[in-house]
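Subject: The structure for you to look at

Hi,

Here is the structure I promised to pass on. Have a look at it first, then read my notes below.

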Amino acid sequence: MKQLRVTIQLELAVPDDWEIVPTSEGTQVLKLPDGQYLDLAVEPLFASDPEDIWRSTEDEEVLDNFLEMVENEDVRYTFVQH
């Protein structure tokens, strides 16, 4: 079995009141002003508490608004050699 590395780099124009905050595990997430948190690790995931369960959204308007913020996207796939 091969190991695949996916590198995703995004540049977004976001509101000034967004913050980067750590979770108890040391990973970083975004704190939004409406009491929500956003994790972009694989897909946009939202939670009302960064220690809670993260969920995607079915709300097309939320996704459309987020995707409009993306100014640049770079996705690279490479196989890791051991």
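**What I found**

Let's start with a pair of side chains: Asp74 and Arg76 meet in a salt bridge, at 3.1 Å from N to O. A salt bridge here is a side-chain nitrogen of Lys or Arg within 4 Å of a carboxyl oxygen of Asp or Glu. The structure holds one of these. Asp74 is partly exposed, with a relative accessible area of 26%, while Arg76 counts as exposed at 51%. (Buried means under 20% relative accessible area, exposed over 50%, and partly exposed in between, using a 1.4 Å probe and protein chains only.)

Before you go further, keep in mind that this is a predicted model, in which local features need pLDDT of at least 70, side-chain atom pairs count only at pLDDT 80 or more, and totals for chains, interfaces and linings use all residues. Residues are numbered from 1 along each chain as its sequence is written, and side-chain values use heavy atoms, with hydrogens and water left out.

The mean for the protein is 87, and 99% of its residues reach 70 or more. Confidence is lowest in strand β6 (residues 70-80), at a mean of 82, and highest in strand β2 (residues 19-22), at 94.

Now the overall layout. The protein has one helix and six strands, and along the sequence they follow the pattern β-β-β-β-β-α-β. Helices (H or I, at least four residues) and strands (E, at least two) are DSSP runs, numbered from the N terminus. The C-alpha atoms fill a box of roughly 45 × 30 × 25 Å along the principal axes. Of the 82 residues, 21% count as buried.

Next, the largest pocket, with a volume of about 220 Å³. On a 1 Å grid over the protein atoms alone, a pocket is an open set of points where a 1.4 Å probe fits, with protein on both sides within 12 Å along at least five of seven lines; lining residues have an atom within 4 Å of a point. Grid points are joined across faces, edges and corners, and the volume is the space filled by probe spheres set on the points. The lining includes Leu12, Trp18, Gln28 and Asp39. Which strand gives the most to it? That is β3, with three residues; β3 (28-31) and β4 (37-39) each supply at least two. The lining divides into nine nonpolar residues, one polar and one charged.

Is Thr23 buried or exposed? Thr23 is buried, with a relative accessible area of 11%, whereas Glu25 is exposed at 71%. Leaving aside neighbours within four places in sequence, Thr23 is in contact (heavy atoms within 4.5 Å) with Val29, Pro50 and Glu51.

Finally, find Glu60 in helix α1 (residues 60-69). Glu60 counts as exposed, at 54% relative accessibility. Its C-alpha atom is separated by 31 Å from that of Thr78, 18 residues apart along the chain.

Cheers

Definitions and conventions. pLDDT is the predictor's confidence in each residue, from 0 to 100. Ala, Val, Leu, Ile, Met, Phe, Trp, Tyr, Cys and Pro count as nonpolar, Asp, Glu, Lys and Arg as charged, and the others, Gly among them, as polar.
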